[in-house]
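Dear colleague,

Please find the structure below. My notes on its side-chain contacts follow it.

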Amino acid sequence: MADMMSLLPHFVLERIFIYTSFKDLIRCSMVCKKWYSLLSDEDSVIWRAKFEDAGTRHFRNSKHLSELQTFRSKALAYECAWNGQDASKNIYIKDDCLTLHRKPVAQSSDGIRGKTGFLRGQHYFVVIFQGPSFGSAALVGVCTKDAPMQKGGYVPLLGNNEHGWAWDLSQKKLKHDGEVLEESIEVDVKIKDKIGMMLDMETGRLEFDINGEFINVAITNLPRDKPLYPSASAVYGNSEITLIYYGKPVVG
C-alpha cells in the first residue's frame with residue numbers, strides 16, 4: 001500500500017494531505033523521501049489549507065502571528081495554543097485562540113495547559129501576560145497532565161505540587177512541588193514583556209528569556225519519561241495571558 005501511495009502524483013497527494021490531521025502529517029513526512037519533500041514546503045497548498053482551517057478569523061489575523069513566517073508555523077501555533085478544555089472553569093479562550101481570560105472570581109487560583117504535550121525535542125514558546133496586573137501569584141512554566149488547574153484561595157498554583165515547574169513572576173522565584181528552587185531572581189519582568197521559554201526534552205531543561213534577551217534563568221532535572229505541557233496560572237481578575245508556539249528554537 002505504501003509503495004502504491006508513493007507512485008501517486010503530487011497533486012493527488014496534496015488533495016489527500018489537505019484532509020489529513022496535523023499529527024498524521026508529521027508522521028507522513030517520515031514515510032519516504034517524496035512525502036518528506038512535499039511536506040517540507042512550509043508554504044505549500046497543504047499547509048496553507050491547514051492554516052486557513054485553523055481557529056477563527058481573529059486567530060488568522062492575529063498580530064501575534066506576525067513573526068511566524070510560514071503557513072505551517074502559523075498552523076502549528078494553533079495546534080500548540082492554550083487548551084480551553086484543559087483549564088480552570090474560571091478561564092476561557094478569547095477569539096484569537098491564543099489568549100486566555102481569567103474571570104474576576106474571588107478566592108481562586110486558576111491555571112491552564114497547552115493543547116500539546118512534548119516528550120522529545122526542543123521547543124520554543126513566548127508567553128505574554130497582557131495585564132492588568134501580575135497580582136500576588138502569576139506563574140509560567142510546564143506541567144504534566146496530572147497537575148490541577150484550579151484551587152481555592154490565592155496560591156502559586158503552578159509549581160505548587162510534584163506535577164509542575166514554574167517561574168513565579170510575582171515572587172521572583174523558581175518553584176516545584178511547593179519548594180523554592182531558586183530565590184531572588186533579579187529580573188524586572190513587566191506586563192506585556194515577551195517571556196520566552198525553551199523546553200529541551202533531551203536534557204530535561206527549561207530556560208527563560210525576556211524579549212529575546214538571555215537572562216540565565218533555568219529549571220533543570222525535568223522528567224523525560226512523560227509529556228510536559230506549557231502552562232500558566234494566575235489569581236488576578238481579568239488577567240489575560242497569550243501563548244505562541246514558535247517551534248524548534250533558532251540558535252545564534
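Glutamate 52 is partly exposed, with a relative accessible area of 40%; here buried means under 20% relative accessible area, exposed over 50%, and partly exposed in between (1.4 Å probe, protein chains only). Glutamate 52 forms a salt bridge with arginine 48, and their closest N and O atoms are 2.9 Å apart. A salt bridge requires a side-chain nitrogen of Lys or Arg within 4 Å of a carboxyl oxygen of Asp or Glu. The two residues are four apart in helix 5, so about one helical turn separates them. Helices (H or I, at least four residues) and strands (E, at least two) are DSSP runs, numbered from the N terminus. Arginine 48 is also partly exposed, its relative accessible area being 40%.

Please note that this is a predicted model: local features need pLDDT of at least 70, side-chain atom pairs count only at pLDDT 80 or more, and totals for chains, interfaces and linings use all residues. Residues are numbered from 1 along each chain as its sequence is written, and side-chain values use heavy atoms, with hydrogens and water left out.

The count of salt bridges comes to 11. One of them joins glutamate 42 to arginine 72, with the closest N and O atoms 4.0 Å apart. Glutamate 42 lies in the loop between helix 4 (33-40) and helix 5, and arginine 72 in helix 7, so this pair ties together parts that are 30 residues apart in sequence. Arginine 72 also lies over the face of tryptophan 47, at 5.3 Å from the ring centre. A charge sits over a ring if NZ of Lys or CZ of Arg is within 6 Å of the ring centre and within 35 degrees of the ring normal. Likewise, the charged end of lysine 74 sits over the ring of phenylalanine 51, 5.8 Å from its centre.

As for aromatic pairs, the count is 11. Rings of Phe, Tyr and Trp (its six-membered ring) pair if their centres lie within 6.5 Å; planes under 30 degrees apart count as stacked, over 60 as edge-to-face and the rest as tilted. Phenylalanine 51 and phenylalanine 71 form a tilted pair, 5.7 Å centre to centre with 35° between the planes. Phenylalanine 51 belongs to helix 5 (residues 45-53) and phenylalanine 71 to helix 7 (residues 71-79), so the contact ties together parts 20 residues apart in sequence. Phenylalanine 51 is buried at 8% relative accessible area, and phenylalanine 71 is buried at 19%. Ring pairs link Phe51, Phe59, Phe71 and Tyr78 into a cluster.
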